[in-house]
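Reader: I have a structure open and want to learn how to read it. Can we go through some features together?

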Amino acid sequence: MKANNWVTALIVMIVGILLVVWHQRIDILNWIVIAVGLMLIIPGLYSFISAIVRKGGKAKEQVEYSAASSTIVASLGAIALGVWMLATPEFFVGLLAYIFGAILILYGIFHIVFIGFWSKPYVLPFWFYIIPVLMIVAGVVILCTNVRTMNSVVVLITGVSLICSSVNTILELACTNPVKVRQK
């Protein structure tokens, strides 16, 4: 049993709980956009500064020089997008809600594939498919809804879906990774 699967389930549950707790905040999607903008700016600045230092070094090999140049361009793009997200988060709110819907659909499909194929030789009961199917339905509902008028509902649906998905993942991991008893 891999520890990163358990950590992923825990992170998904924490994010889901936070979304459920904060779903009534009118500006929650704006704050999420701002957080994503900062997550683009900070590593973008780090990569930009690292590439400038690497490019200005004394040993200028052609491969390292072109790699530093492309890193600078990518870093500037990330910084520009991050600044744009900080300056006008309202522009990205609708896009973010649709991304939430797409994530729910893809995560539901992932769970169905895991349950159906990757969990072999174990055969999991049919009720393991209920939450992934509901996640796909929730994602389709979000994609087909005018999101700008109902931000809190989108956040609530996403949060509840992530919590349910996390519980389902924990059950899947528990059923497909039996505890091995050590022989003395």
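Reader: Is Leu 134 buried or exposed?

Author: Start with the cut-offs: buried means under 20% relative accessible area, exposed over 50%, and partly exposed in between (1.4 Å probe, protein chains only). Leu 134 has a relative accessible area of 52%, so Leu 134 is exposed. Keep in mind that this is a predicted model, where local features need pLDDT of at least 70, side-chain atom pairs count only at pLDDT 80 or more, and totals for chains, interfaces and linings use all residues. Residues are numbered from 1 along each chain as its sequence is written, and side-chain values use heavy atoms, with hydrogens and water left out.

Reader: Where is Leu 134 placed?

Author: Helices are DSSP runs (H or I, at least four residues), as are strands (E, at least two), and they are numbered from the N terminus. Leu 134 belongs to helix H5, residues 130-143. Its C-alpha lies 8.0 Å from that of Ser 161, 27 residues apart along the chain.

Reader: Why does Ser 165 count as buried?

Author: Ser 165 counts as buried because its relative accessibility is 0%. Ser 165 sits in helix H6, residues 151-176.

Reader: Which residues is Ser 165 in contact with, leaving aside its neighbours within four places in sequence?

Author: Contact means heavy atoms within 4.5 Å. With those neighbours left aside, Ser 165 touches Tyr 107, His 111, Ile 131 and Met 135.

Reader: How many helices and strands are in the chain?

Author: The chain has 6 helices and 0 strands. Of its 184 residues, 33% are buried.

Reader: How does the span of H2 relate to what is expected?

Author: The expected span of a helix is 1.5 Å times one less than its number of residues. H2 has 28 residues and reaches 40 Å from its first C-alpha to its last, close to the 40 Å expected.

Reader: What classes of residue make up the lining of the largest pocket?

Author: Ala, Val, Leu, Ile, Met, Phe, Trp, Tyr, Cys and Pro count as nonpolar, Asp, Glu, Lys and Arg as charged, and the others, Gly among them, as polar. This lining has 17 nonpolar, 1 polar and no charged residues. H2 gives the largest share, 6 residues.
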